Every structure is written in C-alpha cells, then in structure tokens.
Amino acid sequence: MSALIDVILPVFLVIGFGYVVAWRGLFSESAVDGLMRFAQNFAVPVLLARSIANLDLSQSYNWPMMAAFYAGALISFAIGISGARMMGRNGPESVAIGFACLFSNSLLLGVPITERAYGEAALSGNFAIISVHSPFLYTIGILAMEMVRSSGTGTSLGRVGLNALVGVLRTPLVIGILTGFAIKIVTSLTGLPLPHPIQVSMDMMARAALPAALFGLGGVLYRYRPEGDAKAIAMITGLSLLLHPAITYGLAHFAFKVDSSALRSATLTAAMAPGVNAYLFANIYGVARRVAASAVLIATALSILTIWAWLAILP
C-alpha cells in the first residue's frame with residue numbers, strides 16, 4: 001500500500017489535477033495545447049539532452065536489459081497488428097493499433113515513478129532505454145505504416161526508408177536525444193565542461209519538463225472518450241500493461257540475469273501505459289484515432305493498479 005500512496009499517487013494526482021481543471025473549464029484547450037507544446041517540443045527535449053549528456057555510457061547501456069525491453073515491445077507490436085487484422089481492421093489501422101501496443105509512456109510516467117520508487121540514481125537505465133526509444137520505435141512504426149500504405153503502389157523500399165528516416169529525425173524528442181549525444185561527444189573530446197550558464201539554463205528547463213508535461217497530459221486525457229472498438233482497446237491495454245512488462249521481466253531476470261537496478265528500469269518502463277505519442281501517431285495518419293485515444297485514457301487509469309503490482313514483484 002505504501003508504494004501506491006508514496007510512489008504512484010503523487011504522479012497521478014498531478015495528471016488528475018490537469019484533468020479536473022480542464023474538465024471544469026479552468027484551463028482552456030488552447031492553454032493545454034500551449035503547455036504540451038512547451039513540454040514536448042522544448043522542455044522534455046532539453047531534459048533528454050541534459051540527461052544523456054550526463055550518462056556514463058559504459059555503465060548505463062546494459063544491452064541485456066535493452067534487449068529484454070525491446071523484445072517485449074516488438075512482440076507486443078506484432079501481436080497488436082495481428083490481433084487488429086483478425087478484428088477486421090485494414091492495414092494502416094492495424095499498424096496504428098500495433099504502435100499503441102509498442103510505445104510505452106517511458107518518459108512522462110516511467111521516469112517520475114522510477115525516481116519516486118528508487119531514487120534519482122536509479123534513472124540511468126531508464127534514460128538509456130529512452131535514448132533509443134523514440135528513434136527506434138518511431139522508425140519501426142513509420143516503416144511499417146509506409147510499407148502498408150505503399151503496398152501495390154510501386155513505391156520503392158528506398159523511398160519508404162527515406163520517408164521513415166525523415167519522419168523520425170523531425171521529432172523534437174529525437175532532436176533532444178541527438179543533441180545530448182552531441183554534447184557528450186564534444187565535452188569528451190575537448191575535456192571541457194558545458195559552459196555554466198548553458199548548464200544552469202538547461203537545468204531550469206529540465207526541472208519544469210515533467211511537472212508541466214504531467215499536468216498537460218491530464219488536460220489532454222480529458223478530451224479522450226472511451227469510444228471505439230472495445231476489443232481493440234482491451235487488447236492494447238492488456239499488451240501494454242501486462243504482456244510487455246511480463247516478457248521484459250522474464251527475459252531480464254531469468255534469461256539474461258541482469259542486476260536489480262537494470263531489472264527495475266526495464267520492467268517499470270515496459271509497464272507504463274501507451275503515451276500520447278500513440279494517439280499522435282494515429283492522428284498523423286488519420287486512422288484508428290478513437291481507439292488509440294481511448295486506449296491511452298483507459299490504460300493510463302488502470303496502470304495505477306498494475307504499476308503497484310509490478311512494484312510489489314520487483315526486488
């Protein structure tokens with residue numbers, strides 16, 4: 001019970017606060033959009049850049065941990081697409097539904113919950129996963145979508161790959177990640193630290209990122225309605241909250257025998273509900289938007305209990 005009260009509820013109370021003020025009309029849709037634009041396009045990329053620039057790459061990149069996490073993600077993606085096809089969804093809709101099963105809310109939920117549960121020192125594994133998360137999974141999702149959409153049109157595989165690469169490189173999160181690696185490389189080669197004023201300004205932006213994003217996430221979730229195909233929503237929720245973390249935990253603990261810190265980072269990150277990016281991906285392509293939106297809302301609410309269960313299982 002203490003994990004639920006001390007670790008999980010504070011994060012979801014901030015989300016709930018954003019939901020309530022949006023519901024009561026105290027925070028307009030345009031204000032929510034502005035806050036989320038600030039958080040996702042500026043503050044969170046700065047947080048990622050700062051965190052990756054400060055990573056000890058030799059210690060943080062635990063490849064068995066990464067393999068366990070991404071194996072679970074890709075298996076969930078494949079099952080999600082297959083399940084959607086069996087439900088009668090067309091190719092693009094199936095990919096969008098699969099992407100919702102693939103893309104965990106690793107940053108806005110995974111980082112604050114891991115930090116509250118195990119302390120800031122436990123976040124190196126989270127940020128190692130996050131540094132690959134958006135570039136890799138967006139590439140997978142966009143490639144799958146472009147291949148499905150170009151099927152029968154004669155579009156070359158090279159063009160499909162180029163479209164995917166351009167789409168990935170234009171996302172603010174990926175720009176933040178690449179900036180962090182660039183800072184890391186430059187400071188390592190020159191032996192000079194980042195200038196103090198720049199470091200302080202990045203720290204200020206980074207501290208604002210998660211509270212602003214969580215509050216804004218609550219406002220965004222208010223717009224979503226539990227509509228669409230109930231079976232598809234249930235499938236996304238089950239794969240995201242149960243199967244993905246179960247595969248990750250099983251591989252990391254029993255097959256790869258990673259240390260407890262890596263096991264916690266991988267399992268908790270895998271246990272997060274689909275993020276707003278799942279809806280944004282569906283919205284970009286104009287398919288399965290109601291299903292993605294409803295799944296984000298319902299899975300986020302149910303994750304309060306499933307995260308509690310995973311915290312009880314973890315060492």
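A pocket, as the word is used here, is an open set of grid points with protein on both sides within 12 Å along at least five of seven lines, and its lining residues have an atom within 4 Å of a point. With that in hand, let us walk through this model, which is a predicted one.

Start with the largest pocket, which holds about 670 Å³ of space. Its lining is made up of 25 residues, and those nearest its centre are Gln40, Tyr138, Asn277, Leu280 and Ile284. Two or more lining residues come from each of α2 (29–53), α7 (124–150), α8 (157–169), α9 (172–190), α10 (196–223) and α13 (276–285). Of these, α13 gives the most, with 8 residues. By class, the lining of the largest pocket divides into 13 nonpolar, 7 polar and 5 charged residues.

You will find Asn277 in helix α13. Is Asn277 buried or exposed? Its relative accessibility is 13%, so Asn277 counts as buried, the cut-off for that word being under 20%. The side chain of Asn277 also has a partner: it makes a polar contact, at 2.9 Å, with the side chain of Tyr138. Both residues of this pair are among those nearest the centre of the largest pocket.

A search of the whole structure finds 1 cavity of 30 Å³ or more. The largest cavity has a volume of about 170 Å³. Its lining has 15 residues, and the closest to its centre are Asn105, Leu107, Leu108, Leu173 and Asn277. Helices α2, α6, α7 and α13 each supply at least two residues of this lining. What classes of residue line the largest cavity? The lining has 7 nonpolar and 8 polar residues, and no charged ones.

Now turn to the second largest pocket, with a volume of about 540 Å³. It is lined by 23 residues, of which Arg50, Val111, Glu115, Leu123 and Leu210 are the closest to its centre. At least two lining residues come from each of α1 (2–23), α2, α6 (106–118), α7 and α10. Here α10 has the largest share, with 5 residues. The lining of the second largest pocket has 14 nonpolar, 4 polar and 5 charged residues.

Helix α7 has 27 residues and reaches 39 Å from its first C-alpha to its last, close to the 39 Å expected at 1.5 Å a residue. Where does α7 kink? The kink, of about 40°, lies at His133, shortly before the proline Pro135. Helix α2 has 25 residues and an end-to-end reach of 34 Å between its first and last C-alpha atoms, close to the expected 36 Å. In α2 there is a kink of about 35°, centred on Ala39.

Helix α11 can be read in the same way. It runs over residues 230–255, and at 1.5 Å a residue its 26 residues should span 38 Å; the end C-alpha atoms are 35 Å apart, so the two figures agree. A kink of about 40° is centred on Leu239 in α11. At the start of α11, a side-chain oxygen of Asp229 comes to within 2.8 Å of the backbone nitrogen of Lys231.

Follow the chain just past α11 and you reach Lys257, which takes a positive phi of about 50° although it is not a glycine. Lys257 sits in the loop between α11 and α12 (260–270). Its relative accessible area is 63%, so Lys257 is exposed, the cut-off for that being over 50%. Ala288 likewise has a positive phi, of about 55°, without being a glycine. Ala288 lies in the loop between α13 and α14 (289–313). With a relative accessible area of 10%, Ala288 is buried.

One last stop is Trp63, in helix α4 (residues 63–86). Trp63 is exposed, because its relative accessible area is 55%. How far apart are Trp63 and Phe256 in sequence and in space? They are 193 residues apart along the sequence, while their C-alpha atoms are 9.7 Å apart in space.

Methods: Residues are numbered from 1 along each chain as its sequence is written. This is a predicted model: local features need pLDDT of at least 70, side-chain atom pairs count only at pLDDT 80 or more; totals for chains, interfaces and linings use all residues. Side-chain values use heavy atoms; hydrogens and water are left out. Helices (H or I, at least four residues) and strands (E, at least two) are DSSP runs, numbered from the N terminus. The expected span of a helix is 1.5 Å times one less than its number of residues. The bend at a residue is the angle between axes fitted to the seven residues ending there and the seven starting there. A polar contact is a pair of N or O atoms within 3.5 Å; within protein, one must be able to donate a hydrogen and the other to accept it, and residues adjacent in sequence count only if both atoms are side-chain atoms. On a 1 Å grid over the protein atoms alone, a cavity is a set of points where a 1.4 Å probe fits but cannot get out, and a pocket is an open set with protein on both sides within 12 Å along at least five of seven lines; lining residues have an atom within 4 Å of a point. Grid points are joined across faces, edges and corners, and a volume is the space filled by probe spheres set on the points. Ala, Val, Leu, Ile, Met, Phe, Trp, Tyr, Cys and Pro count as nonpolar, Asp, Glu, Lys and Arg as charged, and the others, Gly among them, as polar. Buried means under 20% relative accessible area, exposed over 50%, partly exposed in between (1.4 Å probe, protein chains only).
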